[in-house]
Amino acid sequence: MRILLTLVLSFTGTSVFAETVFARNTIRAREVISADAVFLKKIETAGAAQSLEDVIGSEAKRAIYAGHPVLVSNITQAAAIERNEVVTAIFELNGLTISTEARALERGAVGDVIRAMNLTSRNTIRAEVIANGSLRVLP
């Protein structure tokens, strides 16, 4: 069966190896990965990203050294809000909208629920990070 599969693949011209994303230069932790920092190489590596679209625009969780594969476990969605950043917090309920300034107590990507401090009342709130870099306060 293995020989038959190898023959079929060799006649169809399909490569047995998948492409893997590698770091062109060292990518520091928390650095957003750009297109010029990575490249594709025809080799199969377990746990590594296989397309540039999955990696570009993501953030490195820890340092990825030049020439090493970019592992899926080493990247995450880029943070939209940094710790200690002053952002707009918006609370909406039954048509009522209240907006105020808050200081982020954690960093977070879009969709993450983080803690923030309301700068007016000094109370800690839980809020979801939304795409425009502000917070949607949770009830």
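Glu-19 sits across from Lys-42 of strand E2, a strand being a DSSP run of type E with at least two residues, numbered from the N terminus like the helices (H or I, at least four residues). Keep in mind that this is a predicted model: local features need pLDDT of at least 70 and side-chain atom pairs count only at pLDDT 80 or more, while totals for chains, interfaces and linings use all residues. Residues are numbered from 1 along each chain as its sequence is written, and side-chain values use heavy atoms, leaving out hydrogens and water.

**E1 and E2**
- E1 (residues 19-23) and E2 (residues 38-42) run antiparallel, joined by 5 bridges; pairing takes at least two DSSP bridges between two strands.

**The barrel**
- 5 strands close up in the order E6-E7-E9-E10-E11, and the pairing is mixed.
- From one strand to the next, the twist averages 50°, using axes fitted to C-alpha atoms and angles from 0 to 180 degrees between N-to-C directions.
- E10 (residues 124-129) and E11 (residues 135-137) are antiparallel and share 3 bridges.
- Glu-128 faces Arg-136 of E11.

**Asn-118**
- Asn-118 belongs to strand E9 (residues 113-118).
- Asn-118 counts as buried because its relative accessible area is 16%.
- Leaving aside residues up to four places away in sequence, Asn-118 touches Thr-100, Glu-101, Ala-102 and Asn-123, where contact means heavy atoms within 4.5 Å.
- The Asn-118 side chain reaches the backbone nitrogen of Thr-120 at 2.8 Å.

Note on methods
Buried means under 20% relative accessible area, exposed over 50%, partly exposed in between (1.4 Å probe, protein chains only). A polar contact is a pair of N or O atoms within 3.5 Å; within protein, one must be able to donate a hydrogen and the other to accept it, and residues adjacent in sequence count only if both atoms are side-chain atoms.
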